[in-house]
Amino acid sequence: MHSIQNWLSETPKYTTFRINKLKGTDLEKLTKFLTEQNEELNAPEIPKFYFLKPDCLILEQWMLEPAIATSGKEVIVDALCAAAVLRGAHVFAPGVLGLLSDCKMNDKVDIYGDLEGKCKRGLKIPYTGRKRFVGVGYLKMLRCDLFDKGVQPSGIAVHTILPESRLPVVNETLFPKGEVLLQNLPSIVTGWVVNALPNENILDMCAAPGNKTTHLAEMSDNKAHIIALDKTEYKVKKIKQNCESHGITCVEAFSFDSTMCYSEDHFGEISKPPFPRNCFDKVLLDAPCSGLGQRPQLVSKMDPKTIDSYKYLQRKLFTTALKVLKTGGKLIYSTCTVTLDENEGMVLWALEKFPCLKLVPAEPLLGGPGLDNVGLSNEQRMMVQRFGPENDSLRPTEDIYKNTIGFFIAIFTKIHDIDNHNIQK
Ligand code: SAM
């Protein structure tokens, strides 16, 4: 069986883009771009791309034989940058740690990720620590640009030609602003699960940078009433910018701590936080989490105490979500992590603590069922979706939904008002 660690260290086998249905997009540009790249790579054909749904474009890997020719000239980048390269990104200057001293502008270079976090910035000889080859590219900055100026450098340092994962190097900038968004498949599925409809009052509690908020707005044809909150002010600016570039006008974004977005003394208006009880048709809690579903994970640095701490914040946010949700409304809970505590464990905690809640199927059910280790019944496990490597006969999962990041989605409905005993806690 595929261990979760192995699975997490591998790169998803395709790239997903969300298409903004308010704008649409022209895929001729993508064909032209890949054809130009193919002149350099000399592959038998350009990578396949297709619509999984009208708002979800899948781009597959290059089919290349033989493997990429390396150059012997090494660039060392940090692990986060290396993971981004594997997913089809260029190397940005802040991620570069080491570059051989004889490298010249536009040299073909081999990109390696530092797996131990021990490479000193500015290294000029080959790195002897643990490293992983992640791709080849052309050097666009010299050592003097990267290390000698005394300020944090910016811009593309290596123009990636081909990642080791063979994913095409395509990003949103190929398309006119706001038409297309690079987004992981389970995040797109979350939008489908929320299924925002015109005139619904929707709260997106932890919304920045607004990737799901914009999806909800687009799904509703810009006609739902969406409030997007995030605790961090500069990130809220990003939500506003994203809405603007996507042509969205139905979202109001505020910087606010969502654990406090309910106020007992507040009645009536819901145009800004804090909100009264029972006022939203749907609440999306895309919770801050340990993020351990990200792939590829080249190193795992988080200590168990930090991982364990997330569930307390998630519970607080969940409790507040429930207060502002209408009776009959839906609370959609999601995380991009794989821990039981933050996923199935949260579902179990919520159902035990709030008798007013009912778990309902998080449709469309495209990921696998929940895991059985924490005490959910098979029926409950079948109502949630876990994106991961597990094979479960309860609900076989299509390959495309396995070859993605680790993620979890559950939906609850509030069948009667939360009782005062629970409100005070
Ligand atoms: N939903 C977002 C999207 O799809 O673009 C991603 C959200 S990210 C998983 C979690 C977000 O929660 C972070 O932007 C973080 O700033 C925010 N956050 C953390 N604690 C919060 C709190 N108490 N109230 C509001 N937002 C919070």
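The legends below describe close-up views of a predicted model. Local features are given only where pLDDT is at least 70 and side-chain atom pairs only at pLDDT 80 or more, whereas totals for chains, interfaces and linings use all residues. Residues are numbered from 1 along each chain as its sequence is written, and side-chain values use heavy atoms, with hydrogens and water left out.

View 1. The ligand is surrounded by 18 residues, of which the closest are Asp230, Lys235, Asp257, Ser258 and Asp286; a residue is counted here if one of its heavy atoms lies within 4 Å of the ligand. This shell divides into eight nonpolar, four polar and six charged residues, where Ala, Val, Leu, Ile, Met, Phe, Trp, Tyr, Cys and Pro count as nonpolar, Asp, Glu, Lys and Arg as charged, and the others, Gly among them, as polar. A polar side-chain atom of aspartate 286 lies 2.7 Å from a nitrogen atom of the ligand. On its own the ligand has 610 Å² of accessible area, and the protein covers 87% of this; accessible areas come from the Shrake-Rupley method with a 1.4 Å probe, and for residues only the protein chains shown count as cover.

View 2. Leaving aside neighbours within four places in sequence, phenylalanine 318 is in contact with Leu285, Leu331, Tyr333, Met346, Trp349, Ala350, Phe354, Leu357 and Phe412, contact meaning heavy atoms within 4.5 Å.

**View 3. Arginine 386 in strand β17.** Arginine 386 is found in strand β17 (residues 385-387) and counts as buried because its relative accessibility is 4%. The side chain of arginine 386 makes a polar contact with the side chain of glutamate 344 at 2.8 Å; a polar contact is a pair of N or O atoms within 3.5 Å, and within protein one must be able to donate a hydrogen and the other to accept it, while residues adjacent in sequence count only if both atoms are side-chain atoms. A polar atom of the arginine 386 side chain also lies 3.1 Å from the backbone oxygen of valine 338. Beyond its neighbours within four places in sequence, arginine 386 is in contact with residues including Leu340, Asn343, Gly368, Pro369, Leu371 and Phe407.

**View 4. Helix α5 and the residue that follows.** Helix α5 (residues 185-194) is mostly covered, with 10 of its 10 residues buried; the buried residues include Leu185, Ile188, Trp192 and Val194. The helix is followed by asparagine 195, whose phi is positive, near 50 degrees.

View 5. Most residues other than glycine have a negative phi, and most peptide bonds are trans. A cis peptide bond, with omega about -5 degrees, joins arginine 295 and proline 296, and proline 296 is found in the loop between β14 and α8. The peptide bond from glutamate 363 to proline 364 is also cis, with omega near 5 degrees, and proline 364 is found in the loop between β16 and α10 (378-383). Asparagine 106, in the loop between β6 (96-99) and β7, has a positive phi of about 70 degrees although it is not a glycine, and counts as partly exposed at 44% relative accessibility.

How values were computed:
Helices (H or I, at least four residues) and strands (E, at least two) are DSSP runs, numbered from the N terminus. Buried means under 20% relative accessible area, exposed over 50%, partly exposed in between (1.4 Å probe, protein chains only).
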